[in-house]
Amino acid sequence: MQKRVLATMAAALLMGAAPVASSLAEELIVYHGWSSKSEVAALNVLQEALNAKGHTWKDLAIPHNSGVNVSLVNLVTGGEPPNAFVNSDPGVFRDLQGLGLARDLTDYYSEIGATENFFPIIRELSTVDGKMVKIPLFMHIDGMVYWNKDVAAKAGVDPAAWTSVDAMLADFPAIKAAGFVPAAVGGQAFQVGYLFHAMLAATAGPEIYNRLYGAEPDPAVFDTPEVRKAIEIVRAFSNEATPESENRPWNETTNTVIAGQALFHIMGDWMKGEWLAAGKVPGVDFGCEVIPGTKAVSVTSDAMGVLGGQPEAIDKAELDLVAAFVDPVVSARANQQKGSTSPRADASTEYQDDCNKAAMAALSVPNGQVANPFNITDSDWHNAIWTVLYDFWSNKSQTADDVIAGFAENYEAIFG
Amino acid sequence: MSLTIAEAPVERAPLFPRKKKGITPRSIAILVFLAICAAFFCVPLYVIVTTSFKTMDQIRQGDIFSLPLPLTFDAWWNAWDSACSGIRCDGLKVGFWNSMAILFPSLALSLALSSVTGYALALWNVKWANAFLFILFMCAFVPFQIIMIPLIILSSGLKVYGTVWGIAIVHAVLSMPILTLIFRNYYKGIPHEIMSAAMMDSGSFWRIFVEIILPMSANILIVVLILQITSIWNDFLIGLTFGGLGTQPMSVVLANVVITTTGEAAYNENMAAALLTAIPPLLIYFVLGRFFVQGITAGAIKG
């Protein structure tokens with residue numbers, strides 16, 4: 001028995017060594033968490049581009065949407081780190097840089113002429129501590145209005161004609177009278193939080209937004225008319241919440257619009273995937289626009305990083321991967337599949353639908369973009385904002401004053 | 001001795017013979033209670049099963065209790081054969097075979113390790129046996145997450161990180177405390193005379209184990225087998241953490257198929273995938289369930 005155990009151990013040792021020895025220099029491990037149809041279609045475009053550079057893609061999919069990304073840490077610890085990994089959290093890049101990993105791409109981007117072609121907000125989102133370490137892949141706008149054209153016609157309203165959020169809210173009674181839910185909402189802290197930050201950016205603009213969501217929030221901003229206004233808008237939306245919206249995921253919420261029960265949904269433009277999966281055509285079956293009267297759009301950049309610090313051949317291959325993924329044509333095609341918009345201002349317009357065009361227009365407005373809170377906000381503070389707003393959402397007896405008091409109290413607890 | 005035996009995990013209470021009685025308020029209350037308990041599990045299960053047979057168009061209508069019209073098996077076939085886990089769209093079957101490849105080495109290692117340890121601790125005079133048992137018992141309460149990073153470093157030092165054997169070793173080690181206790185308690189019930197007689201016939205440690213003790217352990221082996229198959233099959237974190245590339249168990253593939261952050265969700269496929277993943281342990285319960293109860297009761301009554 002003992003011998004047998006030893007033999008198994010020996011066999012295990014041999015088996016463990018084999019894959020390491022056989023991996024080729026040009027095989028790059030790409031770690032991500034994307035498995036839905038539109039995401040995989042986008043990945044296939046990227047894979048093709050990598051293959052065109054003569055390298056192969058070894059896929060490692062693990063679902064992860066927590067900022068900390070435990071699996072990545074584990075892989076690095078176990079000595080089998082991926083060459084490219086999807087992550088947007090600056091903290092993860094800082095940790096990796098502490099280990100001499102997460103390659104600084106600042107010089108390489110200038111060399112291949114990518115830097116000046118990224119949207120300014122993308123340059124900002126891709127930079128951690130003054131170094132461009134991220135490969136921007138897919139750019140999403142956190143709050144876009146997608147509406148069902150059929151319902152709009154039946155209800156006799158035209159969302160494209162709205163010039164402000166107030167005009168949007170003013171149409172709510174007419175929509176309800178026609179028997180539709182005006183705004184589909186999902187009662188989850190995440191959806192309420194996203195609605196609020198998108199609305200704040202849209203109605204108050206970058207200055208107020210960054211004072212609330214910046215790395216060091218300014219407590220003087222809590223009790224301003226602009227923040228109050230955004231809170232009131234959240235209340236107006238919470239009044240539309242139907243009982244079944246409680247804890248409803250965003251997918252299902254979007255589906256109530258697709259199914260013709262509600263007129264529109266304000267969500268990140270990733271909801272386009274749901275529409276396309278249902279066989280709907282942008283511009284024909286559904287319309288899309290940024291929040292009416294937008295002063296600024298909040299932008300999420302789904303980004304990758306590359307390891308760096310590898311043997312020369314692999315380092316070279318990793319840079320090839322970067323060049324392949326930020327190529328304007330590849331980027332445009334991949335983003336078309338994913339439902340997002342290319343982070344490059346010079347991306348080929350041939351691969352853009354109506355929704356992309358609306359997004360591109362909003363991104364070309366000078367000083368009209370802000371970063372998604374996950375990229376800039378202290379995570380405790382961000383959580384606190386979500387909690388306060390979700391309480392407000394669920395408890396109709398709370399007023400804007402309660403939210404402002406809640407902000408102040410949490411600010412004191414976190415930064416005080 | 002009988003005290004320690006009572007500590008063996010009893011998942012189902014032994015069935016007591018029922019006395020024939022008429023309908024009393026008490027029995028009605030019990031029936032209602034049981035019906036509520038059953039509904040607690042059956043209603044979600046009903047939703048899962050019906051959703052898996054629906055088309056996405058019907059699911060978008062949002063009525064989760066409706067019957068599938070038209071009825072379609074596409075979601076099941078897609079989940080098995082073509083659902084995407086990352087860039088690879090070969091369905092859950094990839095994870096199924098990976099899970100199988102993980103299951104057998106893990107089972108063999110954990111059963112071998114803990115049965116021999118239990119046997120030695122129960123029937124041989126091992127120095128510090130009680131102290132060792134105490135430490136083992138304490139280890140059963142250490143959460144895996146706490147020792148995860150050190151284990152990764154160890155397994156990477158042993159060059160088994162990222163392989164099926166890495167997963168198997170970690171399963172074997174982590175299940176050792178509780179399984180050893182089960183085996184030890186069971187073997188404690190074997191009369192000392194048997195051991196004495198075996199030793200007089202000059203049986204060695206291994207020979208007694210293989211020729212006398214193992215043939216007597218069928219019941220407990222089945223109990224442990226069921227416990228282990230279920231826990232290995234349902235495990236997510238160990239397979240994910242120690243599997244590395246290409247050895248992702250079915251639970252991880254399932255998570256890839258089902259979890260979506262910014263992608264669209266195919267609920268019918270997700271439900272079918274969840275059911276497919278749950279089938280193997282269920283089958284084991286149906287096939288071996290009878291022995292499970294026998295094994296548990298044998299362990300509890302003996303000694």
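Which residue of β2(A) stands opposite Glu27(A)? The residue opposite Glu27(A) is Thr56(A). The structure is a predicted model, in which local features need pLDDT of at least 70, side-chain atom pairs count only at pLDDT 80 or more, and totals for chains, interfaces and linings use all residues. Residues are numbered from 1 along each chain as its sequence is written, while chains are lettered from A and ligands numbered from 1 in the order in which they are written.

Helices (H or I, at least four residues) and strands (E, at least two) are DSSP runs, numbered from the N terminus. Two strands pair if DSSP finds at least two bridges between them. Strand β1 of chain A, residues 27-32, pairs with strand β2 of chain A, residues 56-61, in the parallel sense over 6 bridges. Within this pairing, Ile29(A) stands opposite Lys58(A). Between the two strands the chain passes through helix α2 of chain A (residues 37-52), and the resulting β-α-β crossover is right-handed; that is, with the strands pointing away from the viewer, the path from the first strand over the helix to the second runs clockwise.

Strand β1(A) is also joined by 2 bridges to strand β3 of chain A (residues 84-86), and the two run parallel. Here Val30(A) has Ala84(A) as its bridge partner in β3(A). In a regular strand the side chains alternate between the two faces of the sheet.

**The open sheet of chain A**

In chain A, 4 strands form an open sheet in the order β8-β9-β7-β10, with mixed pairing. Strands β8 (181-184) and β10 (286-290) of chain A each have a single partner strand and stand at the edges, so one side of each is left without a neighbour in the sheet. Neighbouring strands of this sheet are turned by 20° against each other on average, direction ignored. Strand β7 of chain A (residues 144-148) pairs with β10(A) in the antiparallel sense over 5 bridges, and Tyr146(A) stands opposite Cys288(A) in that arrangement.

Axes are lines fitted to C-alpha atoms, for helices over the stretch in contact, and angles run from 0 to 180 degrees between N-to-C directions. Two helix pairs are listed below.

| Helix pair | Axis separation | Crossing angle |
|---|---|---|
| α10(A), residues 189-204, and α12(A), residues 225-238 | within 9 Å | roughly 135° |
| α2(A) and α16(A), residues 328-338 | 7 Å | about 165° |

Angles under 35 degrees count as roughly parallel, over 145 as roughly antiparallel, 65 to 115 as roughly perpendicular and the rest as oblique. With axes crossing at roughly 135°, α10(A) is therefore oblique to α12(A). The pair α2(A) and α16(A) packs at about 165°, which makes α2(A) roughly antiparallel to α16(A). The crossing of α10(A) and α12(A) is right-handed, and the crossing of α2(A) and α16(A) is right-handed; a crossing is left-handed if the near helix is turned anticlockwise from the far one by less than a right angle, and right-handed if clockwise.

Two residues are in contact if their C-beta atoms, placed from the backbone, lie within 7 Å. For α10(A) and α12(A), the contact residues include Leu195(A), Phe196(A) and Met199(A) of α10(A) and Ala230(A), Ile233(A) and Phe237(A) of α12(A). By class, this contact has 11 nonpolar, 1 polar and 2 charged residues, where Ala, Val, Leu, Ile, Met, Phe, Trp, Tyr, Cys and Pro count as nonpolar, Asp, Glu, Lys and Arg as charged, and the others, Gly among them, as polar. For α2(A) and α16(A), the contact residues include Glu39(A), Ala42(A) and Val45(A) of α2(A) and Arg333(A), Ala334(A) and Lys338(A) of α16(A). The contact of α2(A) with α16(A) has 7 nonpolar, 2 polar and 3 charged residues.

Chain B has 14 helices and 0 strands. Its C-alpha atoms fill a box of roughly 75 × 65 × 30 Å, taken along the principal axes. A cis peptide bond joins Leu69(B) and Pro70(B), with omega about -5°; Pro70(B) is found in the loop between α3 (56-60) and α4 (74-81) of chain B.

The contact between the chains takes 44 residues from chain A and 38 residues from chain B. Elements of chain A that each supply at least two residues to the side touching chain B include α1 (2-22), β1 and β2. Helix α2(A) gives the most to that side, with 7 residues. The residues of the side of chain A that touches chain B divide into 19 nonpolar, 19 polar and 6 charged.
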